[in-house]
Amino acid sequence: MKIGISAAGKDLDALLDPRFGRCPYFLIVDTETKEFEVADNPGNTAGGGAGIKAAQAFLQLGTKELVTGQAGPNAFEVLVKGGVKIYQAPQVKISEVIDLYHSGDLKELTTPGGRGRGSR
Amino acid sequence: MKLAVLSGKGGTGKTTVAVNLALSLAGKGEKVLFLDTDVEEPNAGLYLKPVLEESLPVTIPYPEIDQEKCDYCGKCANFCQFNALAVAEGLVLTFQELCHGCGGCVLVCPKEAIQEGKREIGVIEKGWADSIKFWQGRLNIGEPFAVPITRHLKNGLADVQEDIVIIDAPAGVSCPVIEAVRDSDFALLVTEPTPFGRHDLELAMKMVDHLGLPSGVVINRAGKNNDLISEICQERNVPILMEIEFSKLLASLGSIGVPFSRVLPQWQDRFWGMYQSIKEGCPCAS
């Protein structure tokens, strides 16, 4: 299974970035082989509407499962309507996120987080 | 002559100066149009107590997608600088509150699948305060864009007969202020002798320079710290046109919604005098 993770860096030692819309990278990880690809998140540099831009880019990556900290209302709407399941994980290393995924300890997010929380 | 009253800092007395200037000029027989462009909190009416006769809706466009025609090419979403559209395979979503209404998505759609809907974001209200023609804009609560309301208000100026237009601008120096002030003949900068007044006055001076407008300063609540303001006026070669002293009488009149020039006629003369010196010093004034 391939899952997407909002990441602060470009490898499995990087931390999960809890901000979906403003995270710098998405890591697309094969949960069995731990092979991964890195995609830039264009929402990272958006003036406004970062979550929407990030969600659109995420849908184009083709994976239907996302692990992040939280997604704001606009990002949440795009992701859910695009058929993506969103799971919540703490700010730990990507390799640990994969372990949590395997152990079934990730909670599915069914409601959006606050608007604009990822802004700096 | 179009005269914009602005300040940078909020609460310095823009509305006080604009209202007293309008009343003083009208009192001398001039035909005045008063424009309250502080559309997030239009409050000049608290002083002028106009009778409003008209209320006109202001709308901005937003994209409406024809799902039959859309092939999810994504050109609209790529074009939109504000991310008001999201497109993925089989999915197109629009976010009205992010749309600035530029119409670009309609133009770039190769399938002509986008039409413009209209959304009301506020109103323009028109009326009279005795002999002063009074217009104000009012932005609906929660709406992010003030500029379209101000633009609508100012579009109406083309057909106006009044000789003098006084524009009461919002605080700050961002887009809504620029929209309110640009195309004016003169910028009247109202400030107070505090470090905050000075700091924000300098921002307003820079903005006015950028717009190429002649300007002058009114020091409100003037007193022993006036040097704070006069220093920067000297540095930037901007005249101080009036000082309104820090006075309990003026403040108490303001607190009950009475413009002080209504009850203290010497102020009518002072505002009239200020207008005359603006007119003389301003090459664009008629």
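Two residues are in contact if their C-beta atoms, placed from the backbone, lie within 7 Å. In this predicted model, eleven residues of chain B are in contact with 14 residues of chain A. Chain B has eleven helices and eleven strands, and nine strands of chain B form an open sheet with mixed pairing. The points below take up the interface, the build of chain B, selected loops and parts of chain A.

**Where the chains meet**

- Strand E4 (85–88) and strand E5 (91–94) of chain B are the elements that give two or more residues to the side of chain B that touches chain A.
- E4(B) provides the largest share of that side, namely three residues.
- Sorted by class, the side of chain B that touches chain A has ten nonpolar residues, one polar residue and no charged residues.

**Overall build of chain B**

- The C-alpha atoms of chain B fill a box of roughly 70 × 45 × 35 Å along the principal axes.
- Chain B has 286 residues, of which 44% count as buried.
- Taking the contacts in chain B between residues at least 6 apart in sequence, 74% join residues at least 24 apart.
- The domain assignment divides chain B into domain 1 (2–58 + 122–281) and domain 2 (67–112).
- Between the C-alpha centres of domain 1 and domain 2 of chain B the distance is 40 Å.

**The sheet of chain B**

- The strands of the open sheet in chain B follow the order E3-E6-E7-E2-E8-E1-E9-E10-E11.
- At the edges stand strand E3 (51–65) and strand E11 (240–245) of chain B, each of which pairs on one side only.
- From one strand to the next, the twist averages 20°.
- Strands of a sheet pair through backbone hydrogen bonds, either parallel or antiparallel.
- One parallel pair consists of strand E2 (residues 32–36) and strand E7 (residues 132–139) of chain B, joined over four bridges.
- Opposite B:Leu33 stands B:Lys133 in E7(B).

**Helices of chain B**

- Helix H7 (residues 195–211) of chain B lies across strand E1 (2–6), strand E9 (186–191) and strand E10 (215–222) of chain B.
- The direction of H7 in chain B is at about 170° to E9(B).
- Helix H8 (residues 227–236) of chain B lies across E9, E10 and E11 of chain B, and runs at about 170° to E10(B).
- Two packed helices are described by the angle between their axes and the distance between the axes.
- For helix H1 (residues 14–27) and helix H11 (residues 265–281) of chain B, the packing angle is about 90° and the axes are 8 Å apart.
- H1(B) is therefore roughly perpendicular to H11(B), because angles of 65 to 115 degrees count as such.
- H1(B) contributes B:Asn20, B:Leu21, B:Ser24, B:Leu25 and B:Gly27 to the contact, while H11(B) contributes B:Trp267, B:Gln268, B:Phe271, B:Trp272 and B:Tyr275.
- By class, the contact of H1(B) with H11(B) has six nonpolar residues, four polar residues and no charged residues.

**Positive phi in loops of chain B**

- B:Lys49 is not a glycine, yet has a positive phi of about 50°.
- The loop that holds B:Lys49 lies between helix H2 (44–48) and E3 of chain B.
- B:Lys49 counts as exposed because 12 other C-beta atoms lie within 10 Å.
- B:Asn237, a residue other than glycine, also has a positive phi, near 60°.
- The position of B:Asn237 is in the loop between H8 and E11 of chain B.
- With 6 other C-beta atoms within 10 Å, B:Asn237 is likewise exposed.

**Features of chain A**

- Strand E2 (residues 25–30) and strand E3 (residues 36–40) of chain A pair in the antiparallel sense over five bridges.
- A:Ile28 has A:Glu37 in E3(A) as its bridge partner.
- Five residues lie between E2(A) and E3(A) in the hairpin they form, and A:Lys34 in the turn has a positive phi of about 65°.
- A:Glu65 belongs to strand E4 (residues 65–68) of chain A.
- A:Glu65 is partly exposed, since 17 other C-beta atoms lie within 10 Å.
- Apart from neighbours within four places in sequence, A:Glu65 is in contact with A:Ile3, A:Gly4, A:Val84, A:Lys85 and A:Tyr87.
- The C-alpha atoms of A:Glu65 and A:Leu79 are 9.6 Å apart in space, and the two residues are 14 apart in sequence.

Definitions and conventions
Residues are numbered from 1 along each chain as its sequence is written. Chains are lettered from A and ligands numbered from 1 in the order in which they are written. This is a predicted model: local features need pLDDT of at least 70, side-chain atom pairs count only at pLDDT 80 or more; totals for chains, interfaces and linings use all residues. Two strands pair if DSSP finds at least two bridges between them. Axes are lines fitted to C-alpha atoms, for helices over the stretch in contact, and angles run from 0 to 180 degrees between N-to-C directions. A residue is buried if 20 or more other C-beta atoms lie within 10 Å of its own, exposed if 12 or fewer, and partly exposed in between; C-beta atoms are placed from the backbone. Ala, Val, Leu, Ile, Met, Phe, Trp, Tyr, Cys and Pro count as nonpolar, Asp, Glu, Lys and Arg as charged, and the others, Gly among them, as polar. Angles under 35 degrees count as roughly parallel, over 145 as roughly antiparallel, 65 to 115 as roughly perpendicular and the rest as oblique. Domain bounds come from an automatic or database domain assignment.
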